Amino acid sequence: MERPRILHMFTPGRQMSPFDINMAADAGYQIIVPYCEVGLDRITALTQDTIFSRGPKGAARTGIFIGGRDAQLAADMLERAKTSMVKPFVVSVMADPSGAYTTAAAMVACVEAALKRHHAQGLEGQRVVILGGTGPVGRVAGVIAAQAGAEVFLSSRNGIDAAEEAAQESARRFGVTLHGLSGGDPAAVRSSIAEADVLLACAAAGVQVVSSEALAAATRLKVAADVNAVPPEGIAGVGVMDDGKPLAGTQAVGIGALAVGNVKYQTQHRL
């Protein structure tokens, strides 16, 4: 009899995300087991229980998923799980805290595709400003954009100190260079996006972080992307279905939440 496909889902939070459980089921896992309030210190034991109980053939049909809300802790848990394995007892493992890794990756991929399509260039050398940059998606998007050669600024509505702290924490953990910007009031937002080539809105759902008035200040803007699918739009004028649509009042194109979400969904499903 063929062994079932099993996914063990570890989260430091009180519950595993229903979104991720649904994704795992739709991807074909037959047994899905969430483990909650899992700290970094428990990863080695749980991983080794996972790998040694099924043998090498069973390990090929076993996976580990790491959730939570902390992008840096998830990266540490992922590394701990990998170093806990002993060949040939190796299982697939992925982390996606709050969907941050796949959402951020999809967002940056969509932006880079738009830059290449409309400007024949990638992210290298572009000034990228991320509003809501201190959250999981914003931080990870910043790291990926920086890895692609962009000059990245994380903006926070809590001011420059919070932005700088998040930028430096993420920069140290992932080995990139990130900067902080204040987005604490409309004037600060206008100032922060005035020199942006790329604008990423990663703020909370249902919060508009860039008004039409503020957007008019972004005279260098090439691409604006928004992951907020709940009205009002995070960036004024960027519809949820937009995928390279000209953004009124600017020279830029917009990418909406569902265009990003389609790439995110396919990415997570295949992983």
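This passage walks through the overall build of the chain, then its aromatic pairs and one alanine.

The model is a predicted one, so local features need pLDDT of at least 70 and side-chain atom pairs count only at pLDDT 80 or more, while totals for chains, interfaces and linings use all residues. Residues are numbered from 1 along each chain as its sequence is written, and side-chain values use heavy atoms, with hydrogens and water left out.

Starting with the big picture, the chain holds ten helices and eleven strands; these are DSSP runs, with helices being H or I of at least four residues and strands E of at least two, numbered from the N terminus. Along the principal axes, the C-alpha atoms fill a box of roughly 60 × 35 × 35 Å.

As for what is tucked away, 48% of the 271 residues are buried (buried means under 20% relative accessible area, exposed over 50%, partly exposed in between, with a 1.4 Å probe and protein chains only).

Next come the aromatic rings, where the whole structure gives two pairs. Rings of Phe, Tyr and Trp (its six-membered ring) pair if their centres lie within 6.5 Å; planes under 30 degrees apart count as stacked, over 60 as edge-to-face and the rest as tilted. F10 and Y35 sit edge-to-face, 5.2 Å centre to centre and with 80 degrees between the planes. Because F10 belongs to strand β1 (residues 6–10) and Y35 to strand β2 (residues 31–35), this pair ties together parts 25 residues apart in sequence. F10 is buried, at 1% relative accessible area, whereas Y35 is partly exposed at 22%.

The other pair, F52 with F89, is also edge-to-face, at 5.2 Å centre to centre and 70 degrees between the planes. It links distant parts of the chain, 37 residues apart: F52 is in helix α2 (residues 43–52), and F89 is in the loop between α4 (71–83) and β4 (92–95). F52 counts as partly exposed at 42% relative accessibility, and F89 counts as partly exposed at 22%.

Finally, A25 is found in helix α1 (residues 18–26). With a relative accessible area of 40%, A25 is partly exposed. Its C-alpha atom is separated by 17 Å from that of A95, 70 residues apart along the chain.
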